[in-house]
Amino acid sequence: MQPVPGPRPQQQTRVIPGASGSIYTADELGNSISAIDLATGEVETVAVAISPHNVQTTADGRALLAVGQLAAPAGADPHGHGAAESEGLLLLLDPLNLSGGPIASIEVGGHPAHVVADETGARAFVTLSDEDAVAVVDLATHAVAQTIETGKYPHGLRISPDGET
């Protein structure tokens, strides 16, 4: 993966006093992911093979997870939902080396909308809107371990704060 070329006049790189760390954005219409360094205001944007709909870091910060469908050709989908009828993917990236490309690319199912990781970083959960399901992904083996049926067209999801309810 290469950084997205060209000037980005809409990007304002302003330092946030007292802030540290990074935030990540899923740039769905740009087929890219951006990392914003909160201490310096520096923005790194890298192209990815999907139209990312959602990103999430693991609790230990060692992996960045991104879900979406294969990137559609320019102008094909004005909503940025990726190539029609394409398999949805979960990308695992190193947040300290986004331009190094994915560590893994895992087929998860139809129209992956959101992803969360459990507190141990062992599993990720991905909503599959086209399948009315949640995929449970083993992050060590880079494979879908199981699929759980849900209500119609699941989109967002969160893990309970106490991990038990």
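The stops below go from the chain to a sheet and then to a pocket.

This is a predicted model, in which local features need pLDDT of at least 70 and side-chain atom pairs count only at pLDDT 80 or more, while totals for chains, interfaces and linings use all residues. Residues are numbered from 1 along each chain as its sequence is written, and side-chain values use heavy atoms, with hydrogens and water left out.

Of its 165 residues, 41% are buried, meaning under 20% relative accessible area with a 1.4 Å probe, protein chains only.

Next select residues 22–27 and 43–47, which are S1 and S3, the edge strands that each pair on one side only, in an open antiparallel sheet of 3 strands ordered S1-S2-S3; two strands pair if DSSP finds at least two bridges between them.

Finally, select Asp118, Glu119, Ile159, Ser160 and Gly163, which lie nearest the centre of the largest pocket among its 12 lining residues. A pocket is an open set of points on a 1 Å grid over the protein atoms alone, where a 1.4 Å probe fits, with protein on both sides within 12 Å along at least five of seven lines, and lining residues have an atom within 4 Å of a point.

Methods
Helix = DSSP H or I, 4+ residues; strand = E, 2+ residues; numbered from the N terminus. Buried < 20%, exposed > 50% of the residue type's maximum accessible area, 1.4 Å probe, protein only.
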